[in-house]
Amino acid sequence: MISAPPLDALPWMHHGFGTRHSPPPAGRIATLRQIHSATVWSVRDVSGCLGEGDALITDEPGLLLAIRTADCVPILLADPVRRVVAAVHAGWRGTVAGVLTQTLSQMRQNYETKPADLVAAIGPAIGPCCFAVGSEVPLPVVDGRADLWAANRRQLENEGVTRIWSAEQCTMCKPETFFSFRRDRETGRMISAIGIR
Ligand SMILES: [Zn+2]
């Protein structure tokens with residue numbers, strides 16, 4: 001597991017970005033059938049796979065929110081004031097659709113989260129070193145490559161989030177640590193999770 005120091009500093013919650021070696025998380029878990037959308041679920045009193053979407057929010061202690069990735073960007077969010085957490089799956093389609101912006105919007109509406117209070121962590125994902133794209137990907141491109149880490153950081157910054165940690169570890173560059181769909185095609189998924197104690 002890879003953890004984000006700014007989230008480790010919050011004793012009321014726990015989190016982790018899985019590697020290819022991490023055991024699946026145990027306990028009551030909420031997941032989604034991920035469809036590269038900007039669909040966000042605010043949940044409580046649930047478990048298992050809830051339906052189609054790409055981001056989960058809860059204020060319920062004891063419930064783990066989990067998302068699965070292998071190159072797409074996992075993003076974990078915590079609001080230490082309102083005690084709300086979120087897990088977001090953002091591949092390039094989800095990034096373009098604004099799944100992270102939608103998650104922040106729903107946290108504001110449903111939980112009165114202020115972006116300035118939020119702690120955000122961007123996990124391991126395919127990096128600007130490896131994400132070669134064509135014109136099908138409407139993101140800024142430098143030397144034929146797009147930067148999903150930066151694109152998601154911009155969505156956070158545009159909403160007023162300032163406490164942003166990024167793993168800056170490329171899943172495609174590190175086969176010993178990470179699954180990578182682009183590198184391997186047939187591959188597993190890494191599980192990232194966050195929950196309130
Ligand atoms: Zn790379």
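## Contacts and the model

Two residues are in contact if their C-beta atoms, placed from the backbone, lie within 7 Å. By that rule, M190 touches G18, T19, R20, S22, R68, T69, A70, F178 and F179, leaving aside residues up to four places away in sequence.

The model is predicted: local features need pLDDT of at least 70, side-chain atom pairs count only at pLDDT 80 or more, and totals for chains, interfaces and linings use all residues. Residue numbers start from 1 along each chain, as its sequence is written.

## Overall build

The protein has 5 helices and 13 strands. Both are DSSP runs, numbered from the N terminus: helices are H or I with at least four residues, strands are E with at least two. Along the principal axes, the C-alpha trace spans about 40 × 35 × 30 Å.

The radius of gyration is taken over C-alpha atoms, and the globule rule is 2.2 Å times the number of residues to the power 0.38. For 197 residues, a compact globule would have a value near 16 Å; the protein has 15 Å, which agrees.

Of the 197 residues, 42% count as buried. A residue is buried if 20 or more other C-beta atoms lie within 10 Å of its own, exposed if 12 or fewer, and partly exposed in between; these C-beta atoms are placed from the backbone.

Strands of a sheet pair through backbone hydrogen bonds, either parallel or antiparallel. Here, two strands pair if DSSP finds at least two bridges between them. Axes are lines fitted to C-alpha atoms, for helices over the stretch in contact, and angles run from 0 to 180 degrees between N-to-C directions.

Strand β1 (residues 13-17) is mostly covered, with 4 of its 5 residues buried. β1 and β13 (residues 190-196) run antiparallel and are joined by 5 bridges. M13 has I196 of β13 as its bridge partner. β13 also pairs with β6 (residues 63-69), in the antiparallel sense, over 6 bridges.

M190 belongs to β13. Why does M190 count as buried? Because M190 has 28 C-beta neighbours inside 10 Å. M190 and T69 are 121 residues apart in sequence, yet their C-alpha atoms are 5.3 Å apart in space.

## The sheet of 6 strands

Another open sheet has 6 strands in the order β3-β5-β8-β7-β9-β12, again with mixed pairing. Its edge strands are β3 (40-43) and β12, each pairing on one side only. The twist from one strand to the next averages 15 degrees.

Inside this sheet, β5 (residues 55-58) and β8 run antiparallel, joined by 4 bridges. A55 stands opposite V88 in β8. Helix α3 (residues 99-111) lies across β3, β5, β7 (73-79) and β8, and runs at about 160 degrees to β8.

## The nonpolar core

In soluble globular proteins, nonpolar side chains tend to be buried together. A nonpolar core is a set of buried Ala, Val, Leu, Ile, Met, Phe, Trp, Tyr and Cys residues joined through C-beta atoms within 7 Å.

The largest such core has 55 residues; L65, I75, A86 and A87 have the most contacts inside it. Strand β8 (residues 84-90) gives the largest share of this core, 6 residues. Which residues does I75 touch? Leaving out residues up to four places away in sequence, I75 touches V88, A90, L100, A120, A121, I122, G123 and N152.

## Two exposed loop residues

D143 lies in the loop between β10 (141-142) and β11 (145-146). Its phi is near 50 degrees, a positive value in a residue other than glycine. D143 counts as exposed because 6 C-beta neighbours lie inside 10 Å.

E168 sits in the loop between β12 (163-166) and α5 (181-184). Phi of E168 is near 50 degrees, again positive in a residue other than glycine. Is E168 buried or exposed? E168 is exposed, with 12 other C-beta atoms within 10 Å.
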